[in-house]
Amino acid sequence: MTDRPTTEDSSEGATPTPWWRWIENLMYVEGIDSVTQLAKRLDIRPSTIFYWQNNPVQPKVELARAIAETFNRPIPEVFIAAGFATAKELGQAITTTDPALQLTDSDLVVEVARRLGVTTIARQIDEANAEPLAETPRPARATKKAASKTTAAARRASPRG
């Protein structure tokens, strides 16, 4: 997977709303890299999505339903994320689009490496799209000199009988 989706007009310092965090997670899980791509999938203007990002607003009910349908998410999950109702009010267990639950093993390794700031490893794994191979130390090559030292030490250590 790639890094988190980009938002072209991201407002620095603004505290993201629960709705916006849910939308970001949805984009991440669905592999949507930008607000523009999300807007195309939902057949809406990108400015609508930027408005969600930068303002504490709820989407229209019709749009929340469209999101649930487009991304095959349960309507109660979307309505809870949008703030239309609480899980308790809907008699629902709290469910979220948790990207960690959707990741493959290699994607999870990439995400952990990215969060730890080990971007070189994350990039290599992401490019290879495979599980990282554990590096095993190579055995030291025995040289004639090292072999003779080992043999001499073994002779001295062995009891003569």
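## Basis of the description

A residue is called buried under 20% relative accessible area, exposed over 50%, and partly exposed in between (1.4 Å probe, protein chains only). By this scale Phe84, at 27% relative accessibility, counts as partly exposed, whereas Phe79 is buried with a relative accessible area of 16%.

This is a predicted model, in which local features need pLDDT of at least 70 and side-chain atom pairs count only at pLDDT 80 or more, while totals for chains, interfaces and linings use all residues. Residues are numbered from 1 along each chain as its sequence is written, and side-chain values use heavy atoms, with hydrogens and water left out.

## Aromatic pairs

The structure holds three aromatic pairs, defined by ring centres within 6.5 Å for Phe, Tyr and Trp (its six-membered ring), with planes under 30 degrees apart counted as stacked, over 60 as edge-to-face and the rest as tilted. The rings of Trp19 and Trp22 have centres 5.5 Å apart and planes at 15°, so this pair is stacked. The rings of Phe79 and Phe84, with centres 5.2 Å apart and planes at 80°, form an edge-to-face pair.

Trp19 and Trp22 are both buried, and together with Trp52 they form one aromatic cluster.

## Nonpolar core

The largest nonpolar core has 23 residues; such a core is a set of buried Ala, Val, Leu, Ile, Met, Phe, Trp, Tyr and Cys residues joined through side-chain atoms within 4.5 Å. Trp19, Trp22, Ile23, Leu38, Trp52 and Ile67 touch the most other members.
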